[in-house]
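Q: Please walk me through reading the core and the sheet of a model.

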Amino acid sequence: MEIRNNIIGKLFQSTSTGNKLNPNSIVSNYSKGPITLKFTEDHEWLASHPDHTAFVGITPYASDAIGDVTYVELPEIGDKIEEGDIIGSIESVKSSNDIYAPIGGEVIAINETLNDDAPLVNQDPLGDGWIVQIKIDENADLSGLRNEQEYESFLKEE
């Protein structure tokens with residue numbers, strides 16, 4: 001999602017964003033193996049699982065900045081995506097924002113609950129408000145994404 005960092009930095013000063021997955025959501029309970037949680041500078045998150053799939057959503061920081069979500073445009077299951085591709089959008093009472101793929105792969109699931117309950121993105125951005133699940137490309141590289149500590153530092157610099 002493209003959120004202009006200079007505008008966001010002026011609107012919201014955050015000392016702690018609570019960037020932890022909801023332990024009761026499908027994102028946390030999809031697999032038994034370790035989950036790697038990463039973040040983008042555009043305020044998306046990616047939770048990758050041992051089966052080379054990942055859930056993608058927006059961070060609490062982005063959710064707060066966007067405001068009350070009224071509609072989420074989702075991609076189609078089967079869509080092939082590259083890192084940086086627009087995979088959907090989020091509309092709120094304030095604005096419309098694109099959602100960008102943090103990694104390349106294939107869309108294998110979408111959060112259809114958002115069709116009827118878009119505000120779930122605000123209520124549980126790191127859990128039941130997930131947007132898409134991706135089968136990660138074999139040659140995909142997560143090293144360009146930030147871990148939680150790096151993302152928290154990034155937010156403080158804004």
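A: Start with a term. A nonpolar core is a set of buried Ala, Val, Leu, Ile, Met, Phe, Trp, Tyr and Cys residues joined through side-chain atoms within 4.5 Å. Buried means under 20% relative accessible area, exposed over 50%, partly exposed in between (1.4 Å probe, protein chains only). This is a predicted model: local features need pLDDT of at least 70, side-chain atom pairs count only at pLDDT 80 or more, and totals for chains, interfaces and linings use all residues. Residues are numbered from 1 along each chain as its sequence is written, and side-chain values use heavy atoms, leaving out hydrogens and water.

Q: How many residues does the largest nonpolar core have?

A: That core has 26 residues; Val72, Ile90, Ile131 and Val132 have the most contacts inside it. Another core, of 14 residues, lies apart from it and includes Val27 and Tyr61.

Q: Which residues does Val72 touch?

A: Contact means heavy atoms within 4.5 Å. Leaving aside residues up to four places away in sequence, Val72 touches Ser89, Ile90, Leu114, Asn115, Ala118 and Val121.

Q: Is Leu114 buried or exposed?

A: Leu114 is buried, at a relative accessible area of 1%.

Q: What is the strand order in the open sheet?

A: Strands (E, at least two residues) are DSSP runs, numbered from the N terminus. Two strands pair if DSSP finds at least two bridges between them. The six strands run S1-S2-S3-S9-S8-S5, with antiparallel pairing. S1 and S5 stand at the edges, each with a single partner strand, so one side of each is left without a neighbour in the sheet.

Notes. Helices (H or I, at least four residues) and strands (E, at least two) are DSSP runs, numbered from the N terminus.
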